Every structure is written in C-alpha cells, then in structure tokens.
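Here is a short tour for anyone opening this structure for the first time. Keep the picture in view as you read.

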Amino acid sequence: MATNRVLLITGASRGIGAATARLAASRGYDVCVNYRRNRAAADAVVDACHAAGARAAAVPADVAVEGDVVALFQACDRTLGPVTALVNNTGILETQMRVESMDAARLARVFATNVTGSFLCAREAIRRMSPKHGGAGGAIVNVSSGASRLGSPGEYVDYAASKGAIDTLTIGLAQEVADDGIRVNCVRPGFIYTDIHASGGEPNRVDRVKQFVPMKRGGQPEEVAHAILWLLSDEASFTTGAFIDVTGGK
Ligand code: NAP
C-alpha cells in the first residue's frame, strides 16, 4: 500500500463526505475532514478514521470564503502533509421554490459554496499536487449531482445549475492539468439518504421520489463513496474528465 496518501474531503462531517472519509481511511488514506459548523460530528468521523488505522484531522472552514480555504489546506499541510487527493464534496441547497421566487442573496450563497468553493479548493490542491509547484501529481473528484442533467424544476434550479458548473469545471480542469499528473473526475449522485433534503424543506424527499428511479430505491452514502474511491485510486489511472452517475438509473 502506498504511504502518505493524504485526502482532503470538504463537507465530511456527515452524509456522502463522512462515508467517503470512513472508506478512504479503511483503504489507507490519511484523511482531512473539513466541516463548517458541526465539530462533534466531524470529530466522530475522525474517530472512525483512527479506528481504521488512519491519521485524520477535523478542520473547520467555510469553502465559500477564500481565507478559510487557504487556512484549511495549510492546516492539512501541518497536520497530515500536503494533499495528494481532494474530494470537492461540499454542496448546499435551499428551500424548494420556483426560479421566479429566488432572490440574489440565495443565488449568491448557493453559487459561492457550490461553485466558488470547489474552484478555490481545486486551486489549493493543484498548488500542492502539480510538479510545477513541487508536487508529484494527484487526483481530484468533484461531487456534482444528477440534477445537473435533470434541472430540478420546481425545487432548486439554482442548485442544479451550480452542479452544471461543476460538470464543466471537471471537463476543463481535467484537460488543463492532465500533463501535471493530476486526474480530475466527477461523481453525480442521484437521490441519496442524507440530511441535505431537510435543507430543501423535505426531509423525506428520497422516499417520495424513489418511485421515479428505475431501481425503485434511494441510494446510500456508501454507494457514492465507492465510486469516489475508485476514481481516486490507481485503478482509474487512465481515467480523467470522466463522470460516474450513481443514480440507480435515473
Ligand atoms: P449533507 O448531508 O447536507 O452534508 C453537507 C456537508 O457539507 C456537511 O458536512 C456540512 O458541514 C458541510 N458544509 C455545508 N456548507 C459548508 C461550507 N460552506 N463549507 C464547508 N462545509 C460545508 O450533504 P450530502 O447529501 O452528503 O451531499 C454531499 C454532496 O453530494 C453535495 O455536493 C451534494 O450536492 C451532492 N449530492 C447529494 C445528493 C443527495 O441526494 N444527498 C444528490 C446529489 C448530489 P456542517 O454540518 O459541519 O455544517
């Protein structure tokens, strides 16, 4: 097993990020667990990583704030070492509504966190991974959504559009840094059982919409984590700019 594989996961205190952290620790990564508010939940993820034999650290940062992102990666440098892998997992959505009711403040929050946050974290990762900056290559996985293809009408077109930006970030960045030895790929989850749906005002949304999924069920965070870990791994060594839809067929 390779040593000193340092994985930073944004938004890893719960949901898909937490599942990815636990799985990564069991695969031999040291894991930087970013969170925004819930220190206790992040500490529990760190404890689970330690139990799997990994080094791990919880680091608070709002990915929408440039200074926070810079400090996040510097904290990772100090505690675990420079990142060799990044999962741009943080994503937010807000109360379900039609576009005609959305104000600029909401749009700014969603795009700042989902889009600007992913760009800033990718920038900091590349500054550590690229041979131009003394790095030895690496891998980035962006967590988009099936919403980027479906548009989320009547619920959160803003969120879906932000995920469209993540898809395009993946396509462009993958080509930009390919000869720096950095692979950039994307996972698009479908309806997954996490707390994110409560943010939209419908905690039980997955059970309402699962009838529209060809596999007739929602997904578990661990099912998304497995796709992320494969894209990060050497098994995906010739895969970049690629998308894995973990959606049950929708
Ligand atoms: P979740 O359960 O709502 O968890 C969100 C995580 O992001 C938490 O750890 C939260 O930390 C953190 N976070 C929120 N705002 C942040 C910020 N500004 N800076 C840093 N961290 C922040 O989300 P999830 O369902 O696991 O979703 C993970 C990713 O998958 C997102 O990109 C989401 O869009 C995508 N996705 C999810 C689904 C689904 O059905 N669940 C479907 C498609 C795509 P604190 O709790 O500490 O604040």
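## Before we start

A polar contact here is a pair of N or O atoms within 3.5 Å; inside the protein, one of the two must be able to donate a hydrogen and the other to accept it. Keep in mind, too, that this is a predicted model.

With that in hand, take threonine 170, which sits in helix H6. Its side chain and that of asparagine 142 are joined by a polar contact of 3.0 Å. Threonine 170 counts as buried because its relative accessibility is 0%, and buried means under 20%. Setting aside neighbours within four places in sequence, threonine 170 is in contact with Asn142, Val184, Asn185, Cys186, Gly241, Ala242 and Phe243.

## The sheet

What is the order of the strands in the sheet? Reading across, you get S3-S2-S1-S4-S5-S6-S7, an open sheet of 7 strands with parallel pairing. Strand S3 (56-60) and strand S7 (243-246) stand at the edges with a single partner strand each, so one side of each has no neighbour in the sheet. On average, neighbouring strands are turned by 15° against each other, direction ignored. Helix H3 (residues 66-79) packs on this sheet, touching strand S1 (6-9), strand S2 (30-35), S3 and strand S4 (85-88). The direction of H3 makes about 150° with that of S1.

As a bit of background, strands of a sheet pair through backbone hydrogen bonds, either parallel or antiparallel. Two of the pairings are worth a look. S1 and S2 run parallel and are joined by 4 bridges, with valine 6 having aspartate 30 in S2 as its bridge partner. Strand S5 (residues 138-143) and strand S6 (residues 182-189) also run parallel, and 6 bridges join them. Here asparagine 142 turns up again, with cysteine 186 in S6 as its bridge partner.

## A closer look at S2

A polar atom of the asparagine 34 side chain lies 3.2 Å from the backbone oxygen of alanine 61. If you skip residues up to four places away in sequence, asparagine 34 touches a whole list of others, including Ile9, Thr10, Gly11, Val59, Pro60, Ala61, Leu72 and Thr90.

## Around the ligand

How many residues surround the ligand? There are 32, and the closest are Ser13, Ile16, Asn89, Tyr159 and Thr194. Tyrosine 159 has a polar side-chain atom 2.5 Å from an oxygen atom of the ligand. Threonine 194 likewise has a polar side-chain atom 2.5 Å from a ligand oxygen atom.

On its own, the ligand has 910 Å² of accessible area, and the protein covers 96% of that. The elements giving two or more residues to the shell around the ligand are helix H1 (15-26), S2, H6 and helix H7 (196-199).

## Isoleucine 182 in S6

Isoleucine 182 is found in strand S6 and is buried, with a relative accessible area of 1%. Leaving out neighbours within four places in sequence, isoleucine 182 is in contact with residues that include Ile126, Met129, Ile140, Val177 and Thr240. Isoleucine 182 and serine 237 are 55 residues apart in sequence, and their C-alpha atoms are 10.0 Å apart in space.

## Two loop residues with positive phi

Serine 152 is a residue other than glycine with a positive phi, near 50°. Serine 152 lies in the loop between helix H5 (147-150) and helix H6 (157-176). Lysine 216 has a positive phi as well, near 60°, and its place is in the loop between helix H8 (205-209) and helix H9 (221-232).

Which of these is buried and which is exposed? Serine 152 counts as buried because its relative accessibility is 9%, whereas lysine 216 is exposed, with a relative accessible area of 54%.

Conventions: Residues numbered from 1 in each chain as written. Predicted model: local features only at pLDDT ≥ 70, side-chain atom pairs only at ≥ 80, totals over all residues. Heavy atoms only, no water. Buried < 20%, exposed > 50% of the residue type's maximum accessible area, 1.4 Å probe, protein only. Pairing = 2+ DSSP bridges. Axes fitted to C-alpha atoms, helices over the stretch in contact; angles between N-to-C directions. Contact = heavy atoms within 4.5 Å. Near = heavy atom within 4 Å. Areas by Shrake-Rupley, 256 points an atom, 1.4 Å probe, with all protein chains shown as cover.
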